[in-house]
Amino acid sequence: MDDGPFDGIEPGGVTPTEAFSILGNETRVAILQALWESEGPMSFSELRNAVGVDKGNFNYHLGELSHFVRQRDETYELREAGKQVLRAVIAGAITEDPSFGPTRIDHRCPYCGGPVELSYQEEVFTARCTRCVGAVRGETYPRGTFLRYALPPASLEDRTPEEVLAVAHRLYDGKITAMIEGVCSECAGVVGFSVDACPDHDASGRELCATCGTRHSVWVEACCENCRYARQFVLWFAVVTNPAVVAFYHDHGAPWNRVPFAKLTRENARYVSDISEEVLSREPFRARVAIRLGDDEIHVTVDDDLEVIDATRDDA
Ligand SMILES: [Zn+2]
Ligand SMILES: [Zn+2]
Ligand SMILES: [Zn+2]
């Protein structure tokens, strides 16, 4: 390694401000793009020819990219951080101004069996029931919303709305599974949990709970301590992979053999329609999920890390 622009530069951590300022330059972005499009590592002259700027400037800009580009022997390639930046840009840029719907699809509301409409606006995907109140209410949510996800535009490419719904489930099942286990799905950082229990929950009628605005009384927010990526989910999600719960569902003929988040369709509604959640104590934190199928019931207690500490079946 001699005379390369990285000589003497150790790639270290960069702050978000530094990262934005490093990337806020056309030549540097062109360097990253050329390396992204290349089949393998590029030599200095290949890279400079691909970018097409004069030597002095080029050396300087390449040197500024040490956090994103690795020099190995006489060649250059993207570091993982460089690939991630380009992936983030590509994920958001495949389709211009993507949107669809509201579109009626061949699915039924998991709560009432009513017709379901899907829409995608401003990178948010919404599924709503046209008959009932759905699962959550929010200022910007259409009535009947039971699923609302931010979804990259790439998810729409070559897919029907029904397929986008399946993709949204698949993507978020994976993300939520990792988050529940304390691993950030975006950066692999440490996830912390906070639990929000409705103090006066009543969603037994035709409307959502007047106090918390949802159908479920206990929600968990999982938030990455590193990148602040956060996801909210009902407490029930945290116990659904516990072997006792899996066995309980299995014994009652549930048709899934994996985490069933994606299976909240009308056919499977009986498996998820009678679930209650409550916070038993704050110090130490204990919360309980009760799942009923016919006359049988299972109670699962979790601690503040969402670890299952007790699962008791009460079969009739
Ligand atoms: Zn409905
Ligand atoms: Zn409530
Ligand atoms: Zn993270």
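**Close-up views of a predicted model**

**View 1. Glu117 stands opposite Arg128 in β6.** The structure shown here is a predicted model. Strand β5 covers residues 115–121, and strand β6 covers residues 124–129. The two strands pair in the antiparallel sense. Their pairing runs over 6 bridges.

**View 2. An open sheet is formed by 4 strands.** Strands of a sheet pair through backbone hydrogen bonds, either parallel or antiparallel. Here the pairing is antiparallel. The strand order is β4-β5-β6-β7. Two edge strands, β4 (100–108) and β7 (145–150), each pair on one side only. Neighbouring strands of this sheet are turned against each other by 20° on average, direction ignored.

**View 3. Helix α6 lies across the strands β4, β5, β6 and β7.** This helix spans residues 161–180. Helix α6 runs at about 80° to β4.

**View 4. Helices α2 and α3 cross at roughly 120°.** Two packed helices are described by the angle between their axes and the distance between the axes. Helix α2 is made of residues 26–37, and helix α3 of residues 44–51. Their axes come within 9 Å. At roughly 120°, α2 and α3 are therefore oblique to each other. The crossing of α2 past α3 is right-handed.

**View 5. Residues of α2 meet residues of α3.** From α2, the contact takes in Thr27, Ala30, Ile31 and Ala34. From α3 come Leu47, Ala50 and Val51. By class, this contact of α2 with α3 has 6 nonpolar residues and 1 polar residue. No charged residues take part.

Technical notes
Residues numbered from 1 in each chain as written. Chains lettered and ligands numbered in written order. Predicted model: local features only at pLDDT ≥ 70, side-chain atom pairs only at ≥ 80, totals over all residues. Axes fitted to C-alpha atoms, helices over the stretch in contact; angles between N-to-C directions. Parallel < 35°, antiparallel > 145°, perpendicular 65-115°, else oblique. Left-handed = near helix turned anticlockwise from the far one by under 90°. Contact = placed C-beta atoms within 7 Å. Nonpolar A, V, L, I, M, F, W, Y, C, P; charged D, E, K, R; others polar. Pairing = 2+ DSSP bridges.
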